[in-house]
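Please keep the sequence at hand and look up each place as it comes.

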Amino acid sequence: MTAKLNNRLVDQITGGTHIVLEAGPTHNGIESAKKLVDLAVKAGADSIKFQTLYADRLMADKNIEFEYSYLEIENGEEKFIPITEKLYDILKRRELSKESWRELKAYCDAKEIHMFSTATYRDEVDFLVDELGIDSIKINSGDVTDIEFIEYCATKKVNLQLDTGNADIWEIERAVIAAEEKGCTNIIIHLCPSGYPTRLESIHLHMLKTLKQMFPNYSVAFSDHSPGWDIDIAAVALGADMIEKTITLDRKTRSCEHSFSLEEEDAIAFINSIRNVEKALGNSRRVIPANIREKRKAGRRSPYALKKIPNGSEIKLSDFEFKRPGFGITSEEFNLFQGKRLIKEINEGEGLTYQHI
């Protein structure tokens, strides 16, 4: 059973690649969150994603350090500068009050863009699903081993997205089984390499194929933390059903995840690139339209008479030469007709057709 999100199949072949623009880590309050919604709408995203969390509740140790890179541009050259900051401070910037969440959901509805969110506690899931009407909950990669939380989310009868991060294969499988045992079969499994930004050698895009083989009944997504979108294009080509990419109002913002996120113009180009790749991928069964079948004859060859051949003459290879265009009979058909008689005279340079045979 392919996953379904916002009443649409999340399947590259039948529904196209579902493109999610992530705004959870890059807003600093309700007003910037709304601006990111506007950006996602203008770019043509299918969904926008946020993160529901409260740092004081989540972080037992408020002094844990977290390393990421911010962006500096000098003389047109991009430089990623490593920095260490308290994780508590990073997460604190992502908080929204319940009133802001209500306002943001209403804003997304008005803008007609699908919204979903991660959650970290049961009551947050209840708020998102039961009060706001969110139809998809994403499990953070750090929570993929929290089986009780996954089971609870699975009972909400909404789409469940599993962020796998650095999880072992058996941990991913256990999480999926836990959701299934609670009756959830609407699942999206994310390949989400760690790093801010991610190192290329740690991405392992071929894992998309592994996940598709392991979980053929579910949709597989790629959540990208690398600059640009070359890796996303490759993921689409490898069959990713969903792509998730972070957006920002300013890549130079000195905070986690902004450096590799997309600003407005790049977000538009990013989505256009994916849609173009989808067109080029087509499908696995080669279907040639009738007009193309007719046009291709110009590049193929048919038999043309080397001399005038009277009506009743035997059709012989020595009297013909194969030339373009191939609007007459084909070479395969000519072999069938050798030795038969013409029923109509054919002039020198004229192509052999069914009317002559």
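**Notes on loops, helix contacts and cysteines**

1. P197 lies in the loop between β10 (187–191) and α9 (207–214), where helices (H or I, at least four residues) and strands (E, at least two) are DSSP runs numbered from the N terminus. A cis peptide bond with omega of about 5° joins Y196 to P197. This is a predicted model, in which local features need pLDDT of at least 70 and side-chain atom pairs count only at pLDDT 80 or more, while totals for chains, interfaces and linings use all residues. Residues are numbered from 1 along each chain as its sequence is written, and side-chain values use heavy atoms, with hydrogens and water left out.

2. Another cis peptide bond joins R324 and P325, with omega about 0°, and P325 is placed in the loop between β14 (320–323) and α13 (331–337).

3. N6, although not a glycine, has a positive phi of about 55°, and this residue sits in the loop between β1 (4–5) and β2 (8–9). With 40% relative accessibility, N6 counts as partly exposed (buried means under 20% relative accessible area, exposed over 50%, partly exposed in between, with a 1.4 Å probe and protein chains only). E112, also a residue other than glycine, has a positive phi near 60°; E112 is found in the loop between α5 (98–111) and β7 (114–119) and is exposed, at a relative accessible area of 74%.

4. How do α10 and α11 pack? Helix α10 (residues 230–237) and helix α11 (residues 264–281) pack at an angle of about 30°, with their axes 10 Å apart; axes are lines fitted to C-alpha atoms, for helices over the stretch in contact, and angles run from 0 to 180 degrees between N-to-C directions. The two helices are therefore roughly parallel to each other, a term for angles under 35 degrees, whereas those over 145 count as roughly antiparallel, 65 to 115 as roughly perpendicular and the rest as oblique.

5. Helix α2 (residues 30–43) packs with α11 at an angle of about 35°, the axes being 8 Å apart. In this pairing L39, K42 and A43 of α2 meet E264, A267, I268 and I271 of α11, contact meaning heavy atoms within 4.5 Å.

6. The count of disulfides, each a pair of cysteine sulfur atoms within 2.5 Å, comes to zero. C153 is in no disulfide, for the nearest cysteine sulfur, that of C184, is 9.3 Å away, too far for a bond. C153 is buried at 1% relative accessible area, and C184 is buried at 3%.
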